[in-house]
Amino acid sequence: MSGTDFTFRQALDEVSASSSGGAPFLISYGITFIITGILANIFPRETSALFVMFQGGAALPAAFWLEKRLGTARMSPDNPLTNLSMYLAISQALAIPFLIVVYNIDPGQIPVVMAGLGGVHFLPYAWLHRTKIYVIVGILISLGAFGLVLILQTAAYANILFFVGIIYLIAAPFVFRHSKAIIAK
């Protein structure tokens with residue numbers, strides 16, 4: 001299919017079909033957040049904060065593998081939304097310098113900052129996949145992590161990691177089901 005043959009709806013449908021609505025990423029990152037929550041109870045804060053910051057090194061390849069297994073179709077190279085999808089996916093990488101600054105000031109704040117960045121990162125996916133699920137997830141993890149810091153203060157560290165992981169894992173089947181409903185139309 002050439003780029004001029006795509007309707008906007010077809011392009012959006014193909015993005016959701018190829019990525020299963022982002023469910024593989026929610027699953028992979030949900031698991032790595034829970035693992036880093038466990039590691040936060042084993043390793044010193046400075047070490048576990050590094051695990052949290054760079055968990056994508058494990059989660060991203062796992063998400064791509066799972067995406068190939070769950071996705072119903074591959075995205076065409078001439079899909080006009082290919083670049084937008086890629087830019088949205090890699091946008092969080094631009095936060096690494098900010099995370100390094102936070103780490104140097106207080107490694108204990110890395111989980112709440114990661115949750116906030118994740119919340120911001122999810123909002124455009126609500127539009128891309130045509131679901132408010134990502135708005136809900138973004139608000140929940142951002143405000144929930146902030147609330148945990150206010151209530152638990154320094155004890156919030158591992159709890160935020162578990163909280164974010166659980167929210168991602170709860171959201172995954174909903175976005176997966178939503179992507180399948182879009183494709184079925």
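Predicted model: local features only at pLDDT ≥ 70, side-chain atom pairs only at ≥ 80, totals over all residues.

Analyst: Residues are numbered from 1 along each chain as its sequence is written, and side-chain values use heavy atoms, with hydrogens and water left out.

User: Which residues of helix H3 are buried?

Analyst: As a general idea, an α-helix has 3.6 residues a turn, so residues three or four places apart point the same way. In H3 (residues 45-53), Ser 48, Ala 49, Val 52 and Met 53 are buried (under 20% relative accessible area, with a 1.4 Å probe and protein chains only). Seen down the axis of H3, these buried residues fall within an arc of 145°, so they line one face of the helix, the arc being that of the directions from the helix axis to the C-beta atoms.

User: Which residues touch the most other members of the largest nonpolar core?

Analyst: In soluble globular proteins, nonpolar side chains tend to be buried together. Here the core has 43 residues, of which Leu 26, Ile 110, Phe 122, Ile 160 and Tyr 168 touch the most other members; its residues are joined through side-chain atoms within 4.5 Å. H9 gives the largest share of this core, 11 residues.

User: Where is Phe 43, and is it buried or partly exposed?

Analyst: Phe 43 lies in the loop between H2 and H3, and at 35% relative accessibility it counts as partly exposed, a class between 20% and 50%.

Note on methods:
Helix = DSSP H or I, 4+ residues; strand = E, 2+ residues; numbered from the N terminus.
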